[in-house]
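Me: Hi, I have a chain open on my screen and would like to talk it through. Could you help me get my bearings?

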Amino acid sequence: MERKLNDFIDFILIGEIKLILAEKHTLFALMRIVISVILISLFIMGFLIVNLRHYDAQKVPYFLIPFSILNFVFLLFGFYLIIKFLIQIRHYDEMIKNTVQ
């Protein structure tokens, strides 16, 4: 009887660990999306800088200034999300560590 109870407890612990690992996997997928958004905004800004010789930046500040501010906001938000995801991943690691003990 005691063996069945231990097997049942182990089965529940394995299920909890699988659930935590699935949440961690989801966080990694979200982090990849955030990194790609950051890279896209940097790519667009780089593209505009490379093509600067085809237009005069002093004639189109109404376009460049808001776009630069928007890119900066995207970068800050992306880095904030990455830090938040890393903190959550550490939390999930601690949960797994506490579950195993």
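Reply: Happy to; we can start with the overall fold and then go on to single residues. One thing to keep in mind is that this is a predicted model.

Me: Good to know. How many helices and strands does the chain have?

Reply: There are two helices and zero strands. The radius of gyration is 23 Å, well over the 13 Å that the globule rule gives for 101 residues, so the chain is more spread out than a compact globule.

Me: And what box do the C-alpha atoms fill?

Reply: Along the principal axes, the box is roughly 85 × 15 × 15 Å.

Me: What share of the residues is buried?

Reply: Buried residues account for 20% of the 101 in the chain.

Me: Okay, switching to charges. How many salt bridges are there?

Reply: The count comes to one salt bridge. In it, the side chains of Asp93 and Lys24 meet at 2.4 Å, N to O. The pair links distant parts of the chain, with Asp93 in helix α2 (residues 61–100) and Lys24 in helix α1, 69 residues apart.

Me: Is Lys24 buried or exposed?

Reply: Lys24 is buried, because its relative accessible area is 15% and the cut-off for buried is under 20%. Asp93 has a relative accessible area of 33%, so Asp93 counts as partly exposed.

Me: What about contacts in general: what percentage join residues at least 24 apart?

Reply: If you take contacts between residues at least 6 apart in sequence, 81% join residues at least 24 apart.

Me: Now Ser41. Where is that one?

Reply: Ser41 lies in helix α1, which covers residues 2–50. At 5% relative accessibility, Ser41 counts as buried.

Me: What does the side chain of Ser41 reach?

Reply: It reaches the backbone oxygen of Ile38, at 2.8 Å. Leaving aside neighbours within four places in sequence, Ser41 is in contact with Asn71, Phe74 and Leu75.

Me: Nice. Last topic: which residues make the nonpolar surface patch?

Reply: That patch is made by Leu5, Phe8, Ile9, Phe11 and Ile12, and its area is about 510 Å². Ile9, one of these residues, has its place in helix α1.

Me: Why does Ile9 count as partly exposed?

Reply: Its relative accessibility is 40%, and partly exposed covers the range between under 20% for buried and over 50% for exposed.

Note on methods:
Residues are numbered from 1 along each chain as its sequence is written. This is a predicted model: local features need pLDDT of at least 70, side-chain atom pairs count only at pLDDT 80 or more; totals for chains, interfaces and linings use all residues. Side-chain values use heavy atoms; hydrogens and water are left out. Helices (H or I, at least four residues) and strands (E, at least two) are DSSP runs, numbered from the N terminus. Buried means under 20% relative accessible area, exposed over 50%, partly exposed in between (1.4 Å probe, protein chains only). A polar contact is a pair of N or O atoms within 3.5 Å; within protein, one must be able to donate a hydrogen and the other to accept it, and residues adjacent in sequence count only if both atoms are side-chain atoms. Contact means heavy atoms within 4.5 Å. Patches are made of residues with over 30% relative accessible area and no salt bridge: like charges are joined within 9 Å, nonpolar side chains (Val, Leu, Ile, Met, Phe, Trp, Tyr) within 5 Å. Accessible areas come from the Shrake-Rupley method with a 1.4 Å probe; for residues, only the protein chains shown count as cover. A salt bridge is a side-chain nitrogen of Lys or Arg within 4 Å of a carboxyl oxygen of Asp or Glu. The radius of gyration is taken over C-alpha atoms; the globule rule is 2.2 Å times the number of residues to the power 0.38.
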